[in-house]
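This briefing sets out the fold, the sheet, the helices and the core of the protein shown below. Please keep the structure in view while reading the points that follow.

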Amino acid sequence: MITAIVMIKADVGRIPEVARTLADLEGVSEVYSVTGEIDLIAIVRVREHQELAEVIPNRINKVPGVLSSDTHIAFHTYSQHDLEAAFSLGL
């Protein structure tokens with residue numbers, strides 16, 4: 001599983017709408033409204049790197065109200081839970 005953290009600047013008046021739209025996109029597992037210089041953080045999880053090219057520039061960046069984004073790809077996950085197991089529950 002490949003994880004990308006996408007930091008998004010959004011039209012301030014549309015943040016809730018943009019967040020809901022992003023959360024409904026295929027490949028986006030979570031969306032957080034945050035404080036600081038960015039407005040939203042989207043967590044993208046895909047199986048192959050090529051899918052990132054579809055999800056980020058072709059879906060996330062085309063959502064009305066998204067002004068810009070900055071993407072960080074995770075090299076390694078340091079956590080106590082197994083995300084692969086969570087995704088295999090048939091949800």
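Helix 1 lies across strand 1, strand 2, strand 3 and strand 4, and runs at about 165° to strand 2. The model is a predicted one. Along the sequence, the elements follow the pattern β-α-β-β-α-β-α, giving 3 helices and 4 strands.

**Overall features**

- The protein has 91 residues, of which 31% count as buried.
- Among contacts in the protein with a separation of 6 or more, 69% are between residues 24 or more positions apart.

- An open sheet is formed by 4 strands in the order 2-3-1-4, with antiparallel pairing.
- Strand 2 and strand 4 stand at the edges of the sheet; each has a single partner strand, so one side of each is left without a neighbour in the sheet.
- From one strand to the next, the twist averages 20°.
- As a general point, the strands of a sheet pair through backbone hydrogen bonds, in either a parallel or an antiparallel manner.
- Strand 2 and strand 3 are paired in the antiparallel sense over 5 bridges, and Val31 stands opposite Ala42 in strand 3.
- The hairpin of strand 2 and strand 3 has 6 residues between the strands, and Gly36 in this hairpin takes a positive phi near 110°.

**Thr3 in strand 1**

- Thr3 has its place in strand 1.
- Thr3 counts as buried because its relative accessibility is 12%, while the cut-off for a buried residue is under 20%.
- Neighbours within four places in sequence aside, Thr3 is in contact with Ile43, Val44, Arg45, His72, Ile73 and Ala74.

**Helix 2**

- The residues Leu52, Val55 and Ile56 of helix 2 are buried.
- Viewed down the axis of helix 2, its buried residues fall within an arc of 85°, so they line one face of the helix.
- These buried residues of helix 2 pack against strand 1, strand 2 (28-33), strand 3 and strand 4 (66-73).

**The nonpolar core**

- In soluble globular proteins, nonpolar side chains tend to be buried together.
- The largest nonpolar core here contains 21 residues, and those with the most contacts inside this core are Ile8, Leu22, Leu40, Val44 and Ile60.
- Two or more residues of this core are given by each of strand 1 (2-10), helix 1 (15-23), strand 3 (40-46) and helix 2 (49-58).
- Strand 1 provides the largest share of this core, with 5 residues.
- Residues up to four places away in sequence are not counted in the following list: Leu22 touches Ile8, Val28, Val31, Leu40, Ile60, Val63 and Val66.
- Val31, one of the residues that Leu22 touches, is also the residue that stands opposite Ala42 in strand 3.

Note on methods: Residues numbered from 1 in each chain as written. Predicted model: local features only at pLDDT ≥ 70, side-chain atom pairs only at ≥ 80, totals over all residues. Heavy atoms only, no water. Core = buried A, V, L, I, M, F, W, Y, C linked by side-chain atoms within 4.5 Å. Buried < 20%, exposed > 50% of the residue type's maximum accessible area, 1.4 Å probe, protein only. Contact = heavy atoms within 4.5 Å. Arc of directions from axis to C-beta. Pairing = 2+ DSSP bridges. Axes fitted to C-alpha atoms, helices over the stretch in contact; angles between N-to-C directions.
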